[in-house]
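Student: I would like to learn how to read a structural model, one feature at a time.

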Amino acid sequence: MQQEISKTKRAQELKLSFNDPRLRMSWPGRFLVRILSYIGYLVLAAATATFILSDLTWMRFFGIFLILFLLDRVMHLRQADKPLTEFPRKGRVNLALFLRPKAFGIIEKSFDSSLITRHDFFLELARQLLNFSEIESGLRRLDIPFDEFRQKIEEFLSASGRGEGVGPTQESLLGNVELLTVSALNRALESGHAFIELSDLFSSLPLIENESLKRIFGIFGIDAGDLERALIFSSLSKSSSFGRLPGSVAGFVSGPVRSRHRIMNRDWTSRPTPTLDRYSTDFTDLARQGRAGFLIGHKEELERLIDTLARPINPNALLIGESGIGKETLVAHLAYKLSKDEVPQALFDKRLVGLELGSLVAGAPPEELNQRLKKIIEEIITAGNIIIYIADIHNLVRTSGTAYLSAADELMPIIMNNSFPIIGATYPKEFKQFIEPRSDFAGAFEIIRVNEIKEDEAEKILSYDGLLLEKQFGVTISFGAVKKSVILAKKYFRNKFLPASAEELLKSAVVDVKRRGEKVLGPEQVIRVAEAKVNIPIHEASGDEAKQLLNLENIIHERLIDQEEAVRAVSESLREYRSGLSRAGGPISSFLFVGPTGVGKTELAKILARVQFGSEKAMVRFDMTEYQDKQSFYRFIGSPDGSVNGTLTDAILQKPYSLVLLDEFEKAFPDILNLFLQVLDDGRLTDNLGRVVDFQNTVIIATSNAHSDIINDALNKGQSMSEISEYLKKRLTDVFKPELINRFSRIVIFKNLLPVDLAKIVSINLQDVAAMVAEQGIKMEFDDSLISELVKLGYDPAFGARPLRRVIDEKLRAPLAQKILKKTVNRGSHIKVSSVGEEIQFNEIGETKA
């Protein structure tokens, strides 16, 4: 039972309390009652034996009755009076009825100890719970030093007992017990437990308003949510030691049950559906067999789905979501709830059946196909208890207008007449293209968009998955590994949605650890595997890498000449990010590079992509001169009808961890500029298909040549770059809206390059040429005269360093290529290149050893 009793609902509909008469007795009184109960059972057992051995028939029958009674007590010895599946929705509720006896025993023991020793009740309870292996295992999976944790509890307990004044009273302790069990109730319901367990009591402690507990959990950095999910590991791994783990995650919903195909409802009014059965899958049968129905997350979508199906008019729902996002899992869980009657009364005894369109149309001529469909519809209406699920329902609409069949047209009268409930599933793009244009068909359904599950929900699923991997590979998986898998999958592996992307990463890490002969999988091993997959530094910066980050300006200047302010700005940004100090809720950082053409704006973006993202291939580049009208705007984010995908949104979905370069940003269509108001602020963008594209793991660089003349004039007048920056920021409002300018992390001004700067740039380019020919066994040297001549030929104040590349290609690369092809320059050659006037000369110095 996966639900949460919210505080509002509790206040309005429920009156929760903890009322057990044993806690109102003195501890000698409870001891006496316990002794008397044991004696009573012994007397009852002796009486049962006497009656069974009696010659009187009525006494033997009474003895059999007593045996059945005792067997029932033994079978339910470790269970609470009531399971949480019977938890009422309103009225007065006594939580003591839902507490497992072992959990009550710990509360009782802590209650007595606190009353006698004057210790803090919650600290006493924490100490008692640490004696259980599942609690110890849960803490160890969180990489908490268990002995240190226990010692800290003892220290705080000792301090609490030395306080002056009156100790806790029985009434105050009863209040603490009620506070604890109310919190533990929500934990038990969230975890799907049958009763309130020991783990629920312990995972509730971080939520209790207790100063000592908060300090202890703070010292060890224990998060309440992490603790709850780690305890799933420990409690279920205890089950695995008895061989009770299922074969797949789906089996965690319940144990496998032998169940035959059921078609009859409790009123005996439904009928068999042989034709439907031939072309379908009965999800309710699978749920009864324990093969389907496990669900974590998607609570809102599930509630809307159930409400839609239960209403008398238009009980049809259309699930829209990307592949692998959980649409069919949602449907399977609905089948599980139907099998357990955990649905409104209108849905009791319903069968949820998935119609397989592929099987239905396979090998059938149009006439036979039409007859099949009519027969299936007739059987569904006659049975009266069928909910039909149609995956890829857009295929029905796509057949419309063909010569052989329009399945959608055949079903439309049935759908509009509310003859039986229908659940359809489709993808955002297909919905836009095929279903939304048909208003009659789309209007017959309640639209329910299925979103990706949250990270904490994915962690819970991976906790279950991790148990199966432990059993399969014999490797212990810490909760830190589970948490890190989800974080990294969400950030770097967006080709799939959670939890599938995180499951894939965790499995890869388990295989890697097993191959290396390691016994424990922690977060470091997950990071190692993720780094190998994406070729990006993910681990915390330390040692040489930390030194590299601190020396980043010098590293960048190896390839970029001057532009001190720009280099300092991006270096500071990277250091903040790698230290975990970057702003949450937006991109890693965003820059507006402003300056003349050819001064290094794009080159700095390339260097940043190599340093932080591992390769220039991680840079997503857009020339905004190609996006200057409404049509190109749709090409950028996708067309409204879904026929054209967005180049920006698709690129970020494929590379969520990347550098986005927007060249000549000022020339973009105004709607695109408005679009980046949201992107730069929230780090999110919803595309034409309703998908939320996440920019929180990107660096965004927009370049602009706007007002370059202002920069040049100000520099010529001797103004500093800081003065120019403030003035230019004001003048940039002529080009960009003020609210857009203010959303950039930094506005960086690039200044003009001087001839001395170009000489350094030429040297860098010549080193690249030398490195290239060195691979062919040719050594090259360059005379200073060559550098001076290339600077002279390539210097153009209006275009910066941009003409240099063309000059080097014409004067050096092209003639060198001819010499290599003519074999005048061979492997082992040692060449010195110089310039005499405008003539470039290649002089053979000698031969190098190949």
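**Reading the model**

Tutor: Begin with K460, which lies in helix α22 (residues 455-473). Helices (H or I, at least four residues) and strands (E, at least two) are DSSP runs, numbered from the N terminus. The model is predicted: local features need pLDDT of at least 70, side-chain atom pairs count only at pLDDT 80 or more, and totals for chains, interfaces and linings use all residues. Residues are numbered from 1 along each chain as its sequence is written, and side-chain values use heavy atoms, with hydrogens and water left out.

Student: Is K460 buried or exposed?

Tutor: Buried means under 20% relative accessible area, exposed over 50%, and partly exposed in between (1.4 Å probe, protein chains only). K460 has 11% relative accessibility, so the residue counts as buried.

Student: Which residues does K460 touch?

Tutor: Contact means heavy atoms within 4.5 Å. Not counting residues up to four places away in sequence, K460 touches E190, E228, R229, I232 and I296.

Student: How many helices and strands are in the chain?

Tutor: The chain has 38 helices and 20 strands. Of its 850 residues, 50% count as buried. Among contacts between residues at least 6 apart in sequence, 74% join residues at least 24 apart.

Student: How do I read the length and surroundings of one helix, such as α29?

Tutor: The expected span of a helix is 1.5 Å times one less than its number of residues. Helix α29 (residues 601-613) has 13 residues and reaches 18 Å from first C-alpha to last, close to the 18 Å expected. Because 10 of those 13 residues are buried, α29 is largely enclosed by the rest of the structure. Among the buried ones are L604, I607, L608 and F613.

Student: What do the buried residues of α29 pack against?

Tutor: Their partners are α27 (552-557), α28 (564-578), β11 (589-594), β12 (619-623), β13 (658-663) and β16 (698-704). After α29 comes G614, with a positive phi near 90 degrees.

Student: At what angle do α37 and α38 pack?

Tutor: Axes are lines fitted to C-alpha atoms, for helices over the stretch in contact, and angles run from 0 to 180 degrees between N-to-C directions. Helix α37 (residues 784-794) and helix α38 (residues 802-821) pack at about 125 degrees, with axes 9 Å apart. Angles under 35 degrees count as roughly parallel, over 145 as roughly antiparallel, 65 to 115 as roughly perpendicular and the rest as oblique. The pair α37 and α38 is therefore oblique. At their contact, L790, L793 and G794 in α37 meet P803, L804, V807, I808 and K811 in α38.

Student: What should I look for in the backbone angles?

Tutor: Most residues other than glycine have a negative phi, and most peptide bonds are trans. Here R118, in the loop between α4 (101-117) and α5 (121-129), has a positive phi near 65 degrees. N314, in the loop between α14 (299-310) and β4 (316-320), has a positive phi near 55 degrees.

Student: What are the relative accessibilities of R118 and N314?

Tutor: R118 is at 35%, so it counts as partly exposed. N314 is at 21% and so counts as partly exposed.

Student: Where is the cis peptide bond?

Tutor: The cis bond joins L498 and P499, with omega about 5 degrees. P499 is found in the loop between α23 (479-492) and α24 (500-515).
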